Amino acid sequence: MVDSETIEEKISDKKEQFDEKIDEGKEKIEDKKEKSKNLADNIINDLYKSIDEFKENVKNMQKTADQKYSDYKKATVQTLDIDLIETKDVYYVKAAVPGVEKDDVLIEAGDNDLTIETTFKSYFDEFAEDETAEVISSSIKSGRCVKTIRFENSLDLENITAKFSNGIVIVTIPKLVIPKHKVNVE
């Protein structure tokens, strides 16, 4: 005959083993949950870090593009804004050169052309020593600017005059009047 105490002891032992296995299973599940949570946290942190790096890269690309555009504008010869008036004997040219000193305006005349040249300084250049300065918007002309005007008539080079006042250059260009000479036919 089987002793009831032995059966109870065996049941109790099996129950303890079963409870231990359940506890081990629970611990494994908790470990897996913790590892999964840590993995998810790491993935989310890496994602946020990647997004922040991406945003920073986009800002840097924009800054580089703005600088390249600014450099391009400085390197590209731009044209000056002028008004040109013609009368019977004289051409009048009015050129806008705001912010430029009189000595920084170069005017050259040929037989039938006139060239006005200057260089506009960038406002940003005034902040070159301040590393925190950055261009937000820049639409004021900067860099080398040239305007060449070709005329139908020859110019009286000896009598061309130019006046500078308040960022405006006015050039008076007399037309060369070549007297006609009557040729006798024999």
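Two strands count as paired here if DSSP finds at least two bridges between them, and the elements themselves are DSSP runs numbered from the N terminus, helices being H or I with at least four residues and strands E with at least two. The model is predicted, so local features need pLDDT of at least 70 and side-chain atom pairs count only at pLDDT 80 or more, while totals for chains, interfaces and linings use all residues. Residues are numbered from 1 along each chain as its sequence is written, and side-chain values use heavy atoms, with hydrogens and water left out.

**View 1. Three strands make an open sheet in the order S3-S4-S5.** The pairing is antiparallel. Strand S3 (106–109) and strand S5 (143–150) sit at the edges with a single partner strand each, so one side of each has no neighbour in the sheet. From one strand to the next, the twist averages 15 degrees, using axes that are lines fitted to C-alpha atoms (for helices, over the stretch in contact) and angles that run from 0 to 180 degrees between N-to-C directions. Zoom in on S4 (residues 113–120) and you'll find eight bridges joining it to S5. Isoleucine 116 has lysine 147 in S5 as its bridge partner.

**View 2. Another open sheet has four strands, ordered S1-S2-S7-S6.** Here too the pairing is antiparallel. Strand S1 (81–86) and strand S6 (161–165) are the edge strands, each pairing on one side only. The twist averages 15 degrees from one strand to the next. Seven bridges tie strand S2 (residues 90–96) to strand S7 (residues 168–174), and valine 90 stands opposite proline 174 in S7.

**View 3. A salt bridge connects lysine 175 with glutamate 86.** The N to O distance is 2.6 Å; to count, a side-chain nitrogen of Lys or Arg must be within 4 Å of a carboxyl oxygen of Asp or Glu. This pair links distant parts of the chain, with lysine 175 in the segment after S7 and glutamate 86 in strand S1, 89 residues apart. Lysine 175 is buried at a relative accessible area of 11%, whereas glutamate 86 is partly exposed at 49% (buried is under 20%, exposed over 50%, partly exposed in between, with a 1.4 Å probe and protein chains only).

**View 4. Arginine 150 and aspartate 113 form a salt bridge between strands.** Their closest N and O atoms are 3.2 Å apart. Arginine 150 belongs to strand S5 and aspartate 113 to strand S4, 37 residues apart. Arginine 150 is exposed, with a relative accessible area of 63%.

**View 5. Lysine 33 and glutamate 30 pair up within helix H1.** Their side chains meet in a salt bridge at 3.7 Å, N to O. The two lie three residues apart, about one turn of the helix. Lysine 33 counts as exposed at 51% relative accessibility, and glutamate 30 as partly exposed at 46%. In total, the structure holds four salt bridges.

**View 6. The largest pocket has a volume of about 1100 Å³.** A pocket is an open set of points on a 1 Å grid over the protein atoms alone, where a 1.4 Å probe fits, with protein on both sides within 12 Å along at least five of seven lines; lining residues have an atom within 4 Å of a point. Grid points are joined across faces, edges and corners, and the volume is the space filled by probe spheres set on them. Of the 37 lining residues, Ser122, Tyr123, Phe124, Val135 and Ser138 are the closest to the centre. Helix H1 (4–75) gives the most to this lining, with 10 residues.
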